[in-house]
Amino acid sequence: MRTTASSDGYGLILVCHCANPRIRNASSTNSAISRIPTLGIPSAIAFVSAALRELTYPQPLLFKRYTFFNPPPVGRIYIVIAYLSLILFLLFYQSIVTGPMYWESIAYRAAWCSVGQVPLIFLLAMKNSIVGTLIGSSHDRINFLHRTVARCLFLTVTIHFSFFWSEWSYYHVVESELVMMPMVKYGMGAYFTLMWIVFTSFAPIRNIRYEFFVAQHIISFFVFITMLLLHVPPYARVYVLISIGFFAVDRILRYARLLYHNLSLFHRKSKNGFACRAHLTVLPGQATRVTIKNPPLASWSPGQHVFLSFLSISPLQSHPFTIASTPADKELSFVVRAHAGFSRRLYNRATSLLPTTSQADKEKSFIVFFDGPYGCPPTFLQYDTVVLIAGSTGVTFTMPILKQAVQSASPHCIRRMEFLWIIKAGSHIEWYAEELTRAMELAEDRGIELIITCCITCDPTYTTNHPIRPPPRKCTCCCNDNATDNEKEDNNSLVSSISSQEALAPCSCMNRRENISVCVSAGRPDIREVVDRNLRCARGETGVAVCGPVGLMARTRNVVAELSDERGAGKGTGAYGVSLFGEGFGW
Amino acid sequence: MDMDMDDGMVTPLFEVSLTFDVQDPELIINRAYARALWYTVAATVTVFGIANAYNRILGWIRFDPSLSLR
């Protein structure tokens, strides 16, 4: 399971994605002549872009074992500091007075600062957020701001509560306040509910069990908003009502889209009541491939995700998964690694449906609801060089980008790609062995220089480097007429090891294809070396996409920032810029 | 400011602090600070929105080739 984000800088980085003109120019000319920003506005934009990237990309990695305790990327830290500074300014500016009104002055200001933040929290929690639409970001990235605002709200509410409490204690009126003022009790109820929400939202807690977190979060929200409505005076209630309005609008939009996508009423090609049925396939490494054929979804972008809900496996639950296929595949495909909860139940159900069972094919598919797609990943077709780095199931994020680049019939700028996939066991390559070999062939046909490397980190059987070569495609030349049936079968099979590769005997016309191979190596890759060698070969801007665990993300962030700084990208050295898009595990 | 706990009477100062007067200047000022938060948020979203729109609009116009990095 994957979901959300970990990029930084948000709109700051938007300036860096000046993409579409490059695609336009690529379509109008086949020239591969390098161009760098000249003097003037383009040069200034390039300089600012490079400076912002180097400032916002790095992420300190202090704890390798307990990665939850690592600080976020520096870009996010800037945002937190900026927001906290704003709140503290609004809270204390001209609110500190001397005399008996000292406590109340600050407490009332804190009350207003608190209630003013409540709608913002709900606005940033929306899946269909107007903020995300305006700034070109997605709900999973904005969710970081949602948590930041909620924690600042907790700070201001604590000040509001503690200053009133101090005053009442000083004048010995705590008991009478509680008796005379019902709103105080409701306020305390809202405060302790907020405390619970903030506590359970910290990464180590909320990552324990997704289902539990979501359920208690929604229940806590209703309790909190009810208490708050009863606590705030009528003239401040508008902030709470706006919050409820944001929540209602988001839910209505989500349910409307859910019904439209999943009811066959709106899609004539479906026969039964529901539009989508999912097929499950067991993959090595306790993973499950979920495939929805002919989905009622016209298009989606590589890197986007949807929320899946299986009525028969986990009713009333929806879980986010990255779409591992492209619209050209005409199916929605996902790879779900079994952990606990839903993903484990899904895997167990898939194993019970192995081909050895006598169940009918229709019984092996499940009714599934999907909501989405969500996410705003950049268009990687704009870059000259693309480096895709994935750890384990993070490949579901990078694979569609690779497939889009090699499948795209329209002109694009990509000249060189490197695809790095870090996995624990060699058997995991089977998840995408076919797609990788196919991508190699398509890339060669399109003239894209493609390097695919799979690094196996925890498999003792892989001690040396092995090339995986693609199976020869079905040949229509005369020499293939003499091939035996066994050879033809071999030609259609996947090659996933040296032994099976050696068994193949491609005809002479396949010599060109023999040079295509996926390199499989043992051990962890040197991320710096991978990025650096691509930057050296780049004739234009380089795009780096990374999806994986925190350690891999942080390492890649730091490497990109370092190399951009060392090369002096955008600073008059002539070096091309490098842009990073990170999609982390977690939510 | 004090309170007589025996008869439950509240001194005028306390009454003032617990009486909500919408026309109270202090309340108006405090409310202005809550609104200032939203003005800041709106301004920030506007700036980032313009940056986003700028990038999208770039796709619709012929731009200086020098920005095209290929």
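Visitor: At roughly what angle do the axes of helix H7 and helix H9 of chain A cross?
Guide: This is a predicted model, in which local features need pLDDT of at least 70 and side-chain atom pairs count only at pLDDT 80 or more, while totals for chains, interfaces and linings use all residues. Residues are numbered from 1 along each chain as its sequence is written, and chains are lettered from A and ligands numbered from 1 in the order in which they are written. Helices (H or I, at least four residues) and strands (E, at least two) are DSSP runs numbered from the N terminus, and axes are lines fitted to C-alpha atoms, for helices over the stretch in contact, with angles from 0 to 180 degrees between N-to-C directions. The axes of H7(A), residues 139–170, and H9(A), residues 182–200, come within 10 Å and cross at roughly 150°.

Visitor: Are H7(A) and H9(A) oblique or roughly antiparallel to each other?
Guide: Angles under 35 degrees count as roughly parallel, over 145 as roughly antiparallel, 65 to 115 as roughly perpendicular and the rest as oblique. The axes of H7(A) and H9(A) cross at roughly 150°. The two helices are therefore roughly antiparallel.

Visitor: Is the crossing of H9(A) and H11(A) left-handed or right-handed?
Guide: H9(A) and H11(A), residues 210–231, pack at about 155° with their axes 8 Å apart, and they are therefore roughly antiparallel. A crossing is left-handed if the near helix is turned anticlockwise from the far one by less than a right angle, and right-handed if clockwise. The crossing of H9(A) with H11(A) is left-handed.

Visitor: How many polar residues lie in the contact of H9(A) with H11(A)?
Guide: The contact includes A:Gly187, A:Thr193 and A:Trp196 of H9(A), together with A:Gln216, A:His217 and A:Phe224 of H11(A). By class, twelve of the residues are nonpolar and none is charged, while the number that are polar is eight.

Visitor: Are helices H4 and H5 of chain A oblique or roughly antiparallel to each other?
Guide: The axes of H4(A), residues 74–92, and H5(A), residues 102–125, come within 8 Å and cross at roughly 140°. The crossing is right-handed, and A:Ile87, A:Leu90 and A:Leu91 of H4(A) meet A:Arg109, A:Ala110 and A:Cys113 of H5(A). By class, this contact has five nonpolar, no polar and one charged residues. The two helices are therefore oblique.

Visitor: Which strands stand at the edges of the six-stranded sheet of chain A?
Guide: Two strands pair if DSSP finds at least two bridges between them. The open sheet has the order S4-S3-S6-S1-S2-S5, with antiparallel pairing. Each edge strand has a single partner, so one side of each is left without a neighbour in the sheet, and these strands are S4 and S5.

Visitor: What is the bridge partner of A:Ala278 in S2(A)?
Guide: S1(A), residues 277–283, is joined to S6(A), residues 365–374, by three bridges, and A:Ala278 stands opposite A:Phe366 there. Six bridges join S1(A) to S2(A), residues 287–293. In S2(A), the partner of A:Ala278 is A:Ile292.

Visitor: At about what angle does H13(A) run to S1(A)?
Guide: A:His339 lies in the loop between S5 (331–337) and H13 (342–351) of chain A. H13(A) lies across S1, S2, S4 and S5 of chain A, and its angle to S1(A) is about 85°.

Visitor: Is A:His339 buried or partly exposed?
Guide: A residue is buried if 20 or more other C-beta atoms, placed from the backbone, lie within 10 Å of its own, exposed if 12 or fewer, and partly exposed in between. With 13 such neighbours, A:His339 counts as partly exposed.

Visitor: In S9(A), which residue is the bridge partner of A:Glu418?
Guide: S8(A), residues 416–423, and S9(A), residues 449–456, pair in the parallel sense over eight bridges. The partner of A:Glu418 is A:Ile451.

Methods:
Contact = placed C-beta atoms within 7 Å. Nonpolar A, V, L, I, M, F, W, Y, C, P; charged D, E, K, R; others polar.
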